[in-house]
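Hi everyone, thanks for making time today. Please have a look at the model on the screen, and then I'll walk you through a few spots in it.

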Amino acid sequence: MPQLLIDVLGLDERWAREDSWQLVTAVVTVGGFYLAWRQLSRTATAQEQSNLLLTKVQRRLVINDLLLLLPRIQEVEDDVHHKFAGNDRPRLASSLVGYAQLCTEVAVAVSQSDPDEEQDFVEMLENVSLLAKRAKGELLTDPGRDQVVIMKRILKLMPTVSTRSHTLIARLKRESGDE
């Protein structure tokens with residue numbers, strides 16, 4: 001063993017070759033543990049960044065779904081109004097089913113994108129969906145009842161749903177930079 005190492009470590013001359021190897025092994029083991037710790041901390045950081053990116057991508061996908069679904073509300077509402085004006089109960093009932101399904105889809109997507117901020121809009125969509133389903137049932141099961149009476153509540157809420165949809169579209173576009 002070099003004399004300098006013996007002097008620095010305060011070892012005596014009896015330091016054997018096996019002792020030197022044990023020291024080298026200990027140093028290499030400590031170095032290995034340090035490298036393993038560094039790699040684990042890097043892996044944890046990379047996983048956190050991956051999770052953050054995944055969350056952003058999922059939110060963007062939900063926003064894209066909403067940007068496709070929300071304009072359809074106006075189209076389906078127009079279809080309902082057209083069938084209502086034509087006094088065609090079976091086709092009106094069919095349009096109401098489509099409207100109810102679309103409102104439910106939008107409510108789920110909105111609750112995924114902004115669970116707290118748009119809660120009142122989600123509740124409105126769920127309410128309108130239920131009203132559309134009930135109106136459809138009444139149109140088909142009670143032919144003697146005036147369709148104006150059956151459709152009164154849902155027709156009253158449709159413009160509010162459209163307005164809220166357009167407002168949400170504008171906000172989502174602004175937030176995502178798509179304007």
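Let's start with Gln58, which is partly exposed at a relative accessible area of 45%. For that scale, buried means under 20% relative accessible area, exposed means over 50%, and partly exposed is in between, with a 1.4 Å probe and protein chains only. Gln58 sits in helix 2; helices here are DSSP runs of H or I with at least four residues, numbered from the N terminus. The C-alpha atoms of Gln58 and Gln112 are 9.5 Å apart, although 54 residues separate the two along the chain.

Before I go on, a word on the source: this is a predicted model, where local features need pLDDT of at least 70 and side-chain atom pairs count only at pLDDT 80 or more, while totals for chains, interfaces and linings use all residues. Residues are numbered from 1 along each chain as its sequence is written, and side-chain values use heavy atoms, leaving out hydrogens and water.

Now to the salt bridges, each one a side-chain nitrogen of Lys or Arg within 4 Å of a carboxyl oxygen of Asp or Glu. How many salt bridges does this rule give? The count is 6.

One of them joins Glu118 and Arg164, at 2.9 Å from N to O. That pair links distant parts of the chain, with Glu118 in the loop between helix 3 (89-113) and helix 4, and Arg164 in helix 5, 46 residues apart. Is Glu118 buried or exposed? Glu118 counts as buried, at 9% relative accessibility, whereas Arg164 is partly exposed at 21%.

Arg164 also meets Asp120 in a salt bridge, at 3.1 Å from N to O. Here too, distant parts of the chain are linked: Asp120 belongs to helix 4, and the two residues are 44 apart. Asp120 is partly exposed, with a relative accessible area of 44%. Through shared partners, salt bridges join Glu118, Asp120, Arg164 and Arg171 into one network.

Another salt bridge is formed by Asp88 and Arg91, whose closest N and O atoms are 3.5 Å apart. Asp88 is partly exposed at 24% relative accessibility, and Arg91 is exposed at 53%.

Last stop, back in helix 2 (residues 17-85): Tyr34 and Trp37 both lie there, 3 residues apart, about one turn of the helix. Tyr34 is partly exposed at 47%, while Trp37 counts as exposed at 54%.

That's my tour, and I'm happy to take questions!
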